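Welcome! Take a moment to turn the model around on your screen, and then let us walk through it together.

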Amino acid sequence: MKKKTDELGFELKQNATTPDEYLKDNADELITESITAYIAKLMQQKNLDKASVIHAAGLDRIYGYQLLSGKRGINRDRLLQLAFGMKLTLEETQKLLKTARMAVLYERDVRDVFIISALYNGYDIDSCDQLLFDHQQPTLQNIS
């Protein structure tokens with residue numbers, strides 16, 4: 001993805017005469033793969049195995065395998081857990097969320113500020129959850 005979202009928006013509003021033309025001209029800029037395929041590609045690029053990602057993400061083993069295989073629907077918090085399990089950067093995490101068509105981490109959202117900070121600082125999932133818990137924010141692993 002080389003173009004910024006606002007550039008694509010401008011093209012769509014101003015330059016493209018039809019949606020088909022826009023899609024053809026920007027095929028390389030569009031999200032076309034499933035979140036399951038994207039996660040598998042990321043894991044392959046980073047040479048990660050499912051078992052270690054599931055463990056590092058703090059997920060139940062069976063549930064984690066179901067998420068990674070696409071047999072279970074995934075929500076934003078579980079996706080963030082996987083991001084921590086794969087040790088993704090903030091940029092990689094944002095792309096993961098976009099690929100899943102979920103809200104990216106937002107610097108104006110109090111809870112997201114702590115998650116962003118945890119990603120910047122290389123926290124694991126337990127340390128991120130402790131940070132969230134200490135600031136009375138819902139944890140990713142739903143611990144109390």
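Lys87 sits in the loop between helix 6 and helix 7. Its phi is positive, about 55 degrees, although Lys87 is not a glycine. For background, most residues other than glycine have a negative phi.

A word on what you are looking at: this is a predicted model, in which local features need pLDDT of at least 70 and side-chain atom pairs count only at pLDDT 80 or more, while totals for chains, interfaces and linings use all residues. Residues are numbered from 1 along each chain as its sequence is written, and side-chain values use heavy atoms, leaving out hydrogens and water.

Asn47 has a positive phi too, near 55 degrees, and is likewise a residue other than glycine. Look for Asn47 in the loop between helix 3 (35-45) and helix 4 (50-56). With 71% relative accessibility, Asn47 counts as exposed.

Now step back to the whole protein. It has 9 helices and 0 strands, where helices (H or I, at least four residues) and strands (E, at least two) are DSSP runs numbered from the N terminus. The C-alpha atoms fill a box of roughly 55 × 35 × 25 Å, taken along the principal axes. Of the 144 residues in the protein, 38% are buried. The protein exposes about 9100 Å², and carbon and sulfur atoms supply 50% of that area; accessible areas come from the Shrake-Rupley method with a 1.4 Å probe.

Return now to the two helices on either side of Lys87's loop. How do the axes of helix 6 and helix 7 cross? Helix 6 (residues 76-85) and helix 7 (residues 90-99) have axes that come within 10 Å and cross at roughly 145 degrees. Those axes are lines fitted to C-alpha atoms over the stretch in contact, with angles running from 0 to 180 degrees between N-to-C directions. Helix 6 contributes Arg76, Leu79, Leu80 and Ala83 to the contact, and helix 7 contributes Thr93, Leu96 and Leu97 (contact means heavy atoms within 4.5 Å). These contact residues divide into 5 nonpolar, 1 polar and 1 charged; Ala, Val, Leu, Ile, Met, Phe, Trp, Tyr, Cys and Pro count as nonpolar, Asp, Glu, Lys and Arg as charged, and the others, Gly among them, as polar.

Note on methods. Buried < 20%, exposed > 50% of the residue type's maximum accessible area, 1.4 Å probe, protein only.
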